[in-house]
Amino acid sequence: MIIEKLNILEQGTIIDSETKEWVIRIREALKMYDECLGDTEMEVFLIHLAMADARRKQNDTSVQAMDDAFFKEVQEHEKYALSQQIYTELLSDKHFSEPEMTYIYLHLVNMLGGN
């Protein structure tokens, strides 16, 4: 299902083929983490990631900072350290903005079971 959604985003010129292929590689890399749960959470994360990469490429700074109290909850979650590890191992080469990173961490925690 994720491939079809990425194809739609690419056909609509929301993302480019480089971003689509990168997200597909991230999807495959995430499979090595046993903690990654259901397809729905991973799909939400990957679509967010594709959109974040598109914004990064366009120098789009429209993403607003997450509320500090809310991000503190994300940081206190038991899966936050693992989300940081995944970010460092798989995503840090993209240099996302600070506000974008907070939402990436939120989606990672949710994907790892932190609903």
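The structure is a predicted model, in which local features need pLDDT of at least 70, side-chain atom pairs count only at pLDDT 80 or more, and totals for chains, interfaces and linings use all residues. Residues are numbered from 1 along each chain as its sequence is written, and side-chain values use heavy atoms, with hydrogens and water left out.

Side chains of opposite charge can pair when their charged atoms come close. A salt bridge was counted where a side-chain nitrogen of Lys or Arg lies within 4 Å of a carboxyl oxygen of Asp or Glu. Under this rule, the model holds 11 salt bridges.

One of them joins lysine 20 to glutamate 10. Their closest N and O atoms are 2.8 Å apart. Lysine 20 belongs to helix α2 (residues 17-30) and glutamate 10 to helix α1 (residues 2-11), so the pair ties together parts that are 10 residues apart in sequence. Helices here are DSSP runs (H or I, at least four residues), numbered from the N terminus. Burial was assigned by relative accessible area: buried is under 20%, exposed is over 50%, and partly exposed is in between (1.4 Å probe, protein chains only). Lysine 20 is buried at 12%. Glutamate 10 is partly exposed at 25%.

Arginine 56 forms a salt bridge with aspartate 53, and the closest N and O atoms are 2.7 Å apart. Both residues lie in helix α3 (residues 39-57). They are three residues apart, about one turn of the helix. Arginine 56 is partly exposed, with a relative accessible area of 27%. Aspartate 53 is buried, with a value of 0%.

Aspartate 53 also meets the side chain of lysine 94 in a salt bridge, at 3.9 Å from N to O. This pair links distant parts of the chain, 41 residues apart. Lysine 94 is in the loop between α5 (80-91) and α6 (98-111), while aspartate 53 is in helix α3. Both lysine 94 and aspartate 53 are buried. These residues belong to a network of salt bridges that links Asp16, Glu18, Asp53, Arg56, Lys57 and Lys94.

Helix α6 also contains valine 109. This valine is buried, with a relative accessible area of 3%. Valine 109 and leucine 49 are 60 residues apart in sequence. In space, their C-alpha atoms are 14 Å apart.

Note on methods: Helices (H or I, at least four residues) and strands (E, at least two) are DSSP runs, numbered from the N terminus.
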